[in-house]
Amino acid sequence: APARRVLLLGEGNFSFAASLCGAAGTHVVATCYESEEEVSGWGRAAESIRRLRESGAEVVFSVDCTKLKDYFLPEKREFDCIYFNFPHCGRKAGVVKNRELLAHFFHSSAEVLTEEGEVHVALCNGQGGTPADQPRREWHNSWQIVAVAAGAGFILSDVRPFRAETIHGYKCTGYRSQDKSFCVEGALNHVFTQSMPLLYFKPMICEIELESQKVSFQVPQVLVDKINRGFLELNSNHPVRTVKEKLTAELRQAFPLQNTDCCLSLLHKGHLNDVCHSNIFWITLSPEETLSIEEMSNGLTKPKFSHVDFCRDTDKSGWVNVQEGCHIPKQYYLRPSLLPYAHAITQRGDFLPGTLYVLSGPVFRKCLISPYSMPVFHEVVFVCAVNRGTENSCIQMLVNNIKTSIHSLHQTVSSFKLSISLQEATSFETAELNDFAAFESHLSEIQYFICMKTDTSGFCEQGSCVGFIRTAHYELVSSELVVVFASLNLDLLAMLICGIPDWRMLWTSETRFLRQFPKGELRLFKSFSLYPPSYVHDVSFWIPDGEKFDEVAFHTIARQVSGEMVISLPLIDSFQQPETRRKSLCYRLTFQSCDKALSRREVAEMQLLFRKEINQCLGVTLR
């Protein structure tokens, strides 16, 4: 294997570089900003330089860390690791100057680093501005290293103590650009890796079979990176599939079991009971639309909506592919639940009482932004018909097997305590429900919520409701039968079992996520992006007179324009003019990425686009 190329920057007396001499499989390139004449007079520098050259290392002087590609030929520019210990502009430069130095350094490093290379930056205690610093400086008085690195596409992947005493022969030097040492007690080594770039997805057409006809529709932009990801397919190693398979295997020991995933359509049509229409991703043709044969032959046909109605009602998703002789329903929507399909199974002629039917797949819902609020997640539904009077024992058997399966999964992952309970739906106030449960609570037949709690840091109790159970008395073959339904949110289960603190991580395209679950093995998740920077922007506007403000649509636009980078969007102020009764609202947006570098400039662009979209789509007047 070729030697690992390591670049050392800002070496004062070269004692750190000399400590790496002779490391197996490593080629060292040691540099400093000063000239050879300046450095040679520093204590022990000459000896370290001699050792480096004798070991085959390269020593380069007068290297500016902000212009690295200028010092190396194209074929020698790729380094596997870059070290910059205790960077400083020199003399009495303040935090702003040093941030600027780091910003230019990270941009320069990106030009000479291998794709999976690392950048190590050692800083004195408190300088970095991350929670790893103890004590932690105020943000404005720190070097804000994570935010600065994000501007060049880097994420902080590890933080380690910089233990100078363990580095043989190392002596820090360069205090105020002199051959003087400085205090490195509590210093930290920050390890950065290159992030995937922010992805801007083009509009996407999805083709499915509906009523024995092929139908195409434009996917709502907020879902473009989440449609047809195949997490539950046979060749998937995704933790969501592993959780589902383990649950199914456990239940198969207690029930005759039948999987019915293959016949589930992404689109549903007609009326959906007990679900607020503003939570649905509607895909519609306008009622007055009539299509000539010429229009049909053109393939994609766009319904004629006003801009405001189009955005509000269809989320820019009103495209359908019309084929001659094909009957297309006037209005349909992305499925928000698998329960209608579960109900349809009970009406089939081959429906067998006592058999547990399993349905699973992604479901889609517009929702407010919050830590456990997901516009798409994987639902699994279990359906079984039993004799009237035995439904409670069936429920208990289901819950016991679900508990056993989840406990077994959790024990293989971590030692954190886990509790699972069945709680009557009537014992919950609406404010106590997490977003998943609050949506399902519209279903009046729900009798129990399945709750799960861990003591993993970062999880709040609001993440604990992972499913529900309900019964129904449908007209079946026998009036003595009762149907029991159990629904589980597989995404929430995977998060709680594996300690994944952010639902967005389940949908990342970053390979470092799935690498942590080889061959579908569940493990405790280790974040590869530590202390991501957050950015706060406010937006205030007048709402149209006489109209109710659609907050769900407002949040959906924020999700869409930011690519799910908005993690919080609370209302912080409202005002009504006494004379005109006009109402003004002010919201605070907090932007933060869980897996990618997110810069201040990119956030500013998102904020501008968000202002434009809410003005055009919701008819608000910006202030």
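**Close-up views: a cavity, the cysteines and some aromatic pairs**

The lining of the second largest cavity sorts into 10 nonpolar, 1 polar and 1 charged residues (Ala, Val, Leu, Ile, Met, Phe, Trp, Tyr, Cys and Pro count as nonpolar, Asp, Glu, Lys and Arg as charged, and the others, Gly among them, as polar). A quick note on what you're looking at: this is a predicted model, where local features need pLDDT of at least 70 and side-chain atom pairs count only at pLDDT 80 or more, while totals for chains, interfaces and linings use all residues. Residues are numbered from 1 along each chain as its sequence is written, and side-chain values use heavy atoms, with hydrogens and water left out.

**View A. The second largest cavity sits between two domains.** Domain 1 (4-194) and domain 3 (535-622) both give residues to its lining, so the cavity lies between them; the domain bounds come from an automatic or database domain assignment. Its volume is about 40 Å³. A cavity here is a set of points on a 1 Å grid over the protein atoms alone where a 1.4 Å probe fits but cannot get out, and lining residues have an atom within 4 Å of a point. The volume is the space filled by probe spheres set on the points, which are joined across faces, edges and corners. Among the lining residues are Phe154, Ser529, Pro533 and Lys596.

View B. The whole structure turns up 0 disulfides (a disulfide being a pair of cysteine sulfur atoms within 2.5 Å). For cysteine 65, the nearest cysteine sulfur belongs to cysteine 89, 8.5 Å away. Cysteine 65 is buried, at 8% relative accessible area, and cysteine 124 counts as buried too, at 17%. Buried means under 20% relative accessible area, exposed over 50%, and partly exposed in between (1.4 Å probe, protein chains only).

**View C. Phenylalanine 84 meets phenylalanine 105 edge-to-face.** There are 25 aromatic pairs in total, counting rings of Phe, Tyr and Trp (its six-membered ring) whose centres lie within 6.5 Å, with planes under 30 degrees apart called stacked, over 60 edge-to-face and the rest tilted. In this pair the centres are 5.0 Å apart and the planes sit at 65 degrees, so it goes down as edge-to-face. Both phenylalanine 84 and phenylalanine 105 are buried.

**View D. Phenylalanine 541 and phenylalanine 554 make a tilted pair.** Centre to centre they are 5.5 Å apart, with 55 degrees between the planes. Phenylalanine 541 is buried at 0% relative accessibility, and phenylalanine 554 is buried at 0% as well.

Conventions:
1 Å grid on protein atoms, 1.4 Å probe; cavity = no way out; pocket = protein on both sides within 12 Å on 5 of 7 lines; lining within 4 Å.
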